[in-house]
Amino acid sequence: MTKNLTPKEIALYTALLVSAIVGVITLLFKTNWIEFLASIVLVFGASYFVFLYALEFFIYRKIKLVYKNIHSLKTQKADGNLNPILTNDPIANVSKEVMDWADDKKTEIDQLKKLEKFRKEFLGNVSHELKTPIFNIQGYILTLLDGALDDKEVHVHFLKKAAKSIDRIATLVEDLEAITQLESGELTMEMETFDILDLVQDVFDSLESRANEKKVSFDIKEGTKYPFIVEADKDRVQQILINLLTNSIKYGKVGGKTVIGFYDMDENILIEVTDNGLGIEQEHLSRLFERFYRVDKSRSREEGGTGLGLSIVKHLIEAHKQTINVRSSMGVGTTFGFTLKKA
Ligand code: ADP
């Protein structure tokens with residue numbers, strides 16, 4: 001009942017209490033009824049106004065000031081409006097504002113903790129990825145120095161292995177650079193209109209030798225082989241196609257087939273890259289676009305994967321304000337579908 005009393009109520013109850021005490025004291029002095037009543041009314045009226053004045057001017061004004069400050073800090077961030085809406089109950093206002101403020105701070109702290117965890121994980125992953133090729137190179141060089149240098153066949157073999165590890169580090173650094181740029185939001189898009197079918201044919205040609213190594217064939221889905229003009233950043237779309245097609249070779253089967261299909265979807269074009277490879281278990285699909293997430297770690301490393309390819313693809317597609325999805329069946333194959341804006 002005593003919770004959330006207004007200043008007027010507090011002044012009223014206090015004035016009643018004071019008049020009761022004064023009343024008892026007056027009775028002790030055996031005054032007559034008129035004097036008794038007059039003193040009570042006078043004391044009640046005077047103390048009510050004194051308490052109300054004291055509360056308003058010394059306490060509630062200060063609380064209102066605190067409330068105004070909190071409110072202006074918040075609105076300053078939002079739109080620069082410094083006029084809070086005050087109701088008759090400043091204590092309730094302050095309490096609500098403080099609770100809201102604490103909630104905001106908690107969310108901010110949670111986000112910062114998440115970012116810190118993310119940063120630590122990222123650093124851990126980077127050093128882990130760099131460790132293997134660096135230790136390999138170290139091993140090859142030590143073996144060469146220990147005498148393998150004298151045997152021509154052996155030393156060429158070790159040098160080739162060292163070169164492969166260096167390539168791996170170079171790819172990792174390139175991918176890390178790409179992801180850092182994408183995540184820092186520094187990416188500037190150069191939008192142009194072009195035929196996506198042409199671009200796909202170019203990417204098919206550029207990956208031909210890699211596909212031949214695993215006897216993978218590329219094709220356009222029957223009935224969808226028409227020019228489709230899109231509005232996008234051509235170099236970035238090329239990167240997306242290279243990453244998806246390279247994955248279809250890396251995780252496809254020898255003698256497999258990768259097909260690209262185009263589907264008209266009103267404002268957008270849907271581009272689907274389908275392979276008939278290993279497939280991915282459902283439980284992995286939701287995490288596939290995370291940095292360094294791999295389903296089969298050893299296969300990815302064997303194939304020279306960094307675990308960043310799909311994460312880069314997702315960032316690039318989101319920079320176009322478009323979406324990507326994946327569906328897969330074990331032993332049947334995998335389809336990645338993404339949209340681009342029609343020109
Ligand atoms: P990586 O460099 O390891 O290939 P990605 O980010 O490109 O990294 O892919 C993440 C993981 O997703 C891969 O390690 C692989 O396990 C799985 N993956 C990607 N594409 C395919 C695919 N077409 N078929 C089967 N698995 C795939």
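Two strands pair if DSSP finds at least two bridges between them. Helices (H or I, at least four residues) and strands (E, at least two) are DSSP runs numbered from the N terminus. The model is predicted: local features need pLDDT of at least 70, side-chain atom pairs count only at pLDDT 80 or more, and totals for chains, interfaces and linings use all residues. Residues are numbered from 1 along each chain as its sequence is written, and side-chain values use heavy atoms, with hydrogens and water left out.

**View 1. Pairing of β3 with β7 and β1.** β3 and β7 run antiparallel and are joined by two bridges. Valine 230 has lysine 342 in β7 as its bridge partner. Strand β3 (residues 229–233) also pairs with strand β1 (residues 191–195), in the antiparallel sense over five bridges. There, glutamate 192 is bridged to alanine 232 of β3.

**View 2. β4 with its partners β2 and β5.** Four bridges link strand β2 (residues 217–220) to strand β4 (residues 257–265) in the parallel sense. Aspartate 219 has valine 259 in β4 as its bridge partner. Valine 259 is also bridged to threonine 274 of β5. β4 and strand β5 (residues 268–275) run antiparallel and are joined by eight bridges.

**View 3. The turn between β4 and β5.** The two strands form a hairpin with two residues between them. Aspartate 266, in the turn, has a positive phi of about 65°.

**View 4. The shell around the ligand.**

View 5. An N or O atom in the side chain of serine 300 is 2.6 Å from an oxygen atom of the ligand. For a backbone N or O atom of glycine 307 the distance to a ligand oxygen atom is 2.8 Å, and for an N or O atom in the side chain of lysine 250 it is 2.9 Å. The protein covers 97% of the 530 Å² of accessible area that the ligand has on its own (Shrake-Rupley method, 1.4 Å probe).

Methods
A polar contact is a pair of N or O atoms within 3.5 Å; within protein, one must be able to donate a hydrogen and the other to accept it, and residues adjacent in sequence count only if both atoms are side-chain atoms.
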